[in-house]
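Hi,

Here is the structure I promised you. Please open it first, then read my notes below.

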Amino acid sequence: MDSFSDRSKRNVLSSLFRLNHIAKLTSLFLVAQLLPVCFTDRNAEKKQILLELIADFQVDLQKNLESAIKTKGIVGAIEICRTVSPAKEADVKTSFPGISFRRISDKPRNPNHVPDVWEAEIFEQWKKTAKNGGAPYLVMNSNDKEVRVLQPIVLQNPTCLKCHGGPRDIDPAVSKKISELYPQDKAVGYKLGELRGAFSAIW
């Protein structure tokens with residue numbers, strides 16, 4: 001068993017690594033703001049920052065959910081997911097002004113996660129690709145006004161079915177909690193390997 005000292009060292013190192021990573025992202029953010037128009041792809045730095053923000057968000061959300069499931073069970077984890085995700089989206093906006101960041105789905109649990117017109121079109125393209133045996137793919141779009149990144153979220157963890165699967169997958173207590181928190185929930189009936197939603201970032 002690890003000693004308290006060992007755990008403390010790891011926690012400190014983890015915090016330092018995270019702070020260092022945030023500092024690097026912030027530096028890239030400032031560089032991207034100053035990129036001259038004459039660059040062939042002046043949005044390259046912005047695309048990289050958005051991809052790194054999505055990756056960080058995904059890892060942090062997964063860690064929070066896994067921890068919540070272990071300590072509070074599936075029902076308790078629903079409440080954690082409900083608060084952690086919006087909080088992290090707000091943190092991104094605070095650290096990187098001008099960036100809009102959120103999760104979306106064509107079958108949203110949270111009504112604030114409904115796709116806009118462009119995002120909905122990409123979802124339709126992904127569905128057509130799936131019918132032909134393909135997998136959803138990363139989409140990046142940029143012009144003189146904005147950079148957009150849409151990264152698909154594919155349901156790969158069997159644990160996710162306990163909140164997003166069919167009637168046989170979701171415990172009645174979990175279903176009751178979901179109904180209480182999300183009366184208009186549509187995010188059920190999924191199977192492993194299916195498209196659950198996407199991370200959407202706009203700069």
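At what angle do α2 and helix α5 pack, and how far apart are their axes? The angle is about 25 degrees, and the axes lie 9 Å apart. Axes are lines fitted to C-alpha atoms, for helices over the stretch in contact, and angles run from 0 to 180 degrees between N-to-C directions. So α2 is roughly parallel to α5 (angles under 35 degrees count as such). Helices here are DSSP runs (H or I, at least four residues), and strands are E runs of at least two, numbered from the N terminus.

A note on the source: this is a predicted model, where local features need pLDDT of at least 70, side-chain atom pairs count only at pLDDT 80 or more, and totals for chains, interfaces and linings use all residues. Residues are numbered from 1 along each chain as its sequence is written, and side-chain values use heavy atoms, without hydrogens and water.

Now the contact (heavy atoms within 4.5 Å). From α2 come I74, V75, I78, E79 and R82. They meet A173, V174, K177, I178 and L181 in α5. These residues divide into seven nonpolar, no polar and three charged. Ala, Val, Leu, Ile, Met, Phe, Trp, Tyr, Cys and Pro count as nonpolar, Asp, Glu, Lys and Arg as charged, and the others, Gly among them, as polar.

Best wishes

Key:
Parallel < 35°, antiparallel > 145°, perpendicular 65-115°, else oblique.
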